Amino acid sequence: MPLHKVISLPKPIALPSVDGARRWWHRLTPHRQDRVAMLAPLAAVLLFFAAIVSALGYLRVEEMDREQEAVQRDVEYTQQRLRLRLLERQEQIMRIAREISNRELDLDDFRQRAAAMLDQYPEVQGMAWVDDKQRTRASLGMGGNFSGSLQSSNDVLSFGAREAGYTLTREVNQPLYIQPPRAKDEAPMLQMFVPLNERGRFSGVLLTEYSVDGLYRYGVPSEVSARYAVSLQDANGKLLAGTSIPDRKLVGRVMPWSNPANEYAMPVSPVGAGLVIRAQAYRASLGVIGSGLFWLVSALSVMTAWMLIANWRHTRRRVQAQQALMSETNFRRAMENSMLTGMRAMDLQGRITYVNAAFCQMTGWSESDLVGRTAPFPYWPDSDRDNLASRLEEEMHGNTTPGGIQVRVKRRDNTLFDARLYVSPLIDAMGTQTGWVTSMTDITEPNRVREQLSASHQRFTTVLEALDASISVAPLGSDELLFANKLYRQWFGVQAGGHLQLVAEAGVPMNTTNDEASDSVDSFAGLPTTALPDSDSESAEIFITALGKWLEVRTRYLSWVDGRLAQMVIATDITTRRLAEEQAAIQAERAQTSSRLITMGEMASSVAHELNQPLTAINNYCNGMVSRIKEKQISEEDLLGALEKTAKQAQRAGQIIQRIRSFVKRSEPNRTPSEVAIMVAEAVELAEIELRRFNVRLNHYVAARLPMVMVDPILIEQVLVNLLRNAAESIDSALRQTADRIVELRVLPRHIDNKPVIEFSVQDTGKGLAPEVMARLYEAFYSTKADGMGIGLSLCRSIVESHLGRMTAENIYNGTEVSGCRFSFWVPLTEGSALTYAEPPAPQPNLG
């Protein structure tokens with residue numbers, strides 16, 4: 001079956017009919033009809049002018065395209081001429097290079113061939129034969145002056161560009177073109193380096209220098225240079241030879257119709273981008289756009305448009321003046337009706353001539369009820385009529401109050417409200433007073449707010465007066481006292497001396513002078529005076545001798561109500577707290593001393609055993625020496641040896657006793673810069689006595705080059721001794737084998753929370769800590785030992801935290817089985833202490 005394809009034709013464009021245009025015109029307002037009547041001719045003129053400009057512009061673009069194509073074609077032709085000329089010279093030079101490499105040319109033959117090329121080809125300026133040791137075998141026309149004389153010296157490569165080209169040619173082993181830098185007075189040149197290869201080995205280069213000006217004169221066709229400004233340029237656009245038309249961009253800015261210069265540039269092969277040929281077309285006329293027809297059409301179009309615009313603007317100004325008058329009248333009426341302030345106007349006889357909508361809304365009376373009325377007015381309260389009448393009389397005589405007067409006004413429903421009236425003369429356009437104008441504002445709400453603020457201020461003052469802290473405020477750099485509560489007045493009176501004394505003894509800056517220079521710049525310059533922060537307050541604890549009290553002083557800066565920068569001081573009596581802190585410190589010191597005594601008491605048997613060894617040795621040495629002296633069987637040398645051994649044992653016993661005495665001696669806490677290694681050594685010496693009793697081996701490692709720490713060494717030793725004893729007792733209670741009875745003590749530098757610290761860790765091989773024990777580990781008077789008092793770990797933790805450190809405990813697991821416990825604590829380093837961390841070696845056992 002044949003398929004019939006339905007083709008839908010486009011609908012014809014519906015053009016507006018004459019009747020439709022007429023109806024549209026009559027629907028417009030007269031104002032819009034005037035606008036369309038004026039703008040339609042102007043639009044037609046502008047469209048005609050745009051069509052003429054578009055046609056002329058199209059012709060100009062076509063002309064420019066044809067000129068550009070001609071320039072491009074001639075530049076490509078010139079580039080081909082230069083390329084063939086360079087390739088011919090390159091082929092001849094490479095032929096000479098091959099003959100040199102094959103040793104078919106000697107120095108005299110080379111000089112003859114080079115002289116022939118220089119004479120035959122003017123663009124070739126010089127040639128040089130350089131061997132592989134950068135020595136010039138022969139050269140002609142080389143050097144800085146290009147005199148053309150034959151040279152055979154070794155200074156051809158003395159110029160930096162030639163030496164660089166030699167090196168680059170040796171690396172790439174290919175013919176190479178280089179444009180060397182030149183001095184200001186030197187002519188531009190082009191260097192070609194051809195490598196010499198003797199039996200596959202680099203044996204030097206054949207250097208040829210071209211004159212760029214010679215290439216231009218003998219390589220650019222005369223018919224091209226006659227039509228264009230042809231130039232040879234380097235890669236940066238710098239002129240090397242030829243001519244160039246000045247840049248016409250500036251001219252184009254001043255004269256938009258100026259013809260742009262047609263130009264084209266391309267690199268010269270085989271030199272590459274280092275040598276570019278550029279041609280610019282000469283201009284002898286302004287082109288089509290500068291013709292008289294264009295200017296005639298433009299002038300007529302501009303004149304017609306100007307006349308139409310002037311007529312339209314004149315008509316529009318008249319319409320705008322009428323609309324402005326109507327808008328001004330409506331605006332003034334709307335503004336008067338929208339004001340929240342009531343306005344009333346009276347003539348010189350006191351008769352109301354005008355009231356606005358706000359005045360009527362405030363009083364509840366309509367405009368017809370008030371206009372034309374004289375005193376007494378219906379909105380006057382009956383009880384205030386005499387007072388208001390006298391005030392009105394004063395106003396009519398010109399006795400007005402600049403700040404206004406406060407009166408009561410009666411509404412139509414007999415309710416009253418507070419109002420403030422401002423009266424001023426009513427002056428007409430001629431400068432004559434025609435009456436009085438009064439503005440009325442309802443101030444009932446502001447009065448209520450003012451009363452609330454007053455009550456709030458009274459409550460606030462009552463609270464400040466009842467505080468148990470002294471509060472005072474004084475401006476910076478002044479003896480004036482801005483505020484002081486009751487307690488301040490009881491302590492210091494009503495002067496600012498107490499405020500200044502508190503600030504001075506608390507160490508807070510009060511003066512506003514700059515001590516760094518002799519100028520009067522305020523040291524608080526830059527501080528905000530309107531919105532100061534509520535934080536960043538400074539506090540200190542001081543003792544006031546006159547009061548016999550310890551006070552905690554807190555200060556902060558604030559902006560006073562008058563804008564001045566002030567300082568508030570809050571002083572709280574902390575005498576009771578300071579006494580309690582002193583008693584607590586004394587109790588803590590006694591607890592620490594008691595703990596050390598208890599520790600030594602528990603270690604008494606071990607200490608006695610430790611002392612018994614040197615004492616027994618001393619007794620044996622003494623008895624032996626007595627027996628041998630009596631029998632006269634000892635020599636002087638044997639006697640001295642025995643006495644030295646006796647003294648050594650006595651010294652050992654004395655050291656043990658001295659260490660115990662310094663450990664249990666009661667002393668005030670004294671934090672001094674202490675060496676970690678010495679503290680650890682003294683604690684280990686005391687703890688080893690107990691460790692040997694439990695048959696426990698101690699491995700300890702202290703990192704090298706640890707900085708000094710600011711601690712009380714006796715308290716830190718007490719913590720280490722307690723932890724080591726607890727570790728030994730834990731191992732003993734776990735019934736470990738002899739090989740597993742080990743306690744490890746490590747002291748290493750760490751970084752915790754980005755702070756450098758020294759960490760002490762004690763690890764045992766006991767049974768670890770049960771969960772219920774871990775939860776109550778540092779609880780006072782809680783102990784897992786049958787005879788323990790439960791103050792050891794609690795006291796250790798208090799000592800560590802008093803040094804701003806932390807103490808932790810954790811179990812060590814071997815798989816799922818607990819294989820020991822580790823107690824660690826750290827103390828922070830002082831600022832400026834250097835932390836040097838070295839990887840710890842394997843710990844060495846210290847056997848007792």
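Predicted model: local features only at pLDDT ≥ 70, side-chain atom pairs only at ≥ 80, totals over all residues.
Trainee: How many residues does helix H11 have, and how far does it reach?
Mentor: H11 runs over residues 385-396, which is twelve residues. From its first C-alpha to its last it reaches 16 Å, close to the 16 Å expected at 1.5 Å a residue.

Trainee: Which residues of H11 are buried?
Mentor: Leu-388, Leu-392 and Glu-395. They cover an arc of only 60° around the axis, which puts them on the same side of H11.

Trainee: Why would residues a few places apart point the same way?
Mentor: An α-helix has 3.6 residues a turn, so residues three or four places apart point the same way.

Trainee: And what covers the buried residues of H11?
Mentor: The cover includes four strands: E11 (342-347), E13 (405-410), E14 (416-427) and E15 (433-442).

Trainee: Switching to the open sheet of four strands. What is its order?
Mentor: The order is E8-E7-E10-E9, and the pairing is antiparallel.

Trainee: Which ones are the edge strands?
Mentor: E8 (239-242) and E9 (263-268), since each of these pairs on one side only.

Trainee: How much are neighbouring strands turned against each other?
Mentor: By 25° on average, with direction ignored.

Trainee: How many bridges join E7 to E8?
Mentor: Three bridges join them, and E7 covers residues 228-233. The two strands run antiparallel.

Trainee: Which residue in E8 is the bridge partner of Leu-232?
Mentor: Ala-241 is the partner of Leu-232.

Technical notes:
Residues numbered from 1 in each chain as written. Heavy atoms only, no water. Expected span 1.5 Å × (residues − 1). Buried < 20%, exposed > 50% of the residue type's maximum accessible area, 1.4 Å probe, protein only. Arc of directions from axis to C-beta. Contact = heavy atoms within 4.5 Å. Pairing = 2+ DSSP bridges. Axes fitted to C-alpha atoms, helices over the stretch in contact; angles between N-to-C directions.
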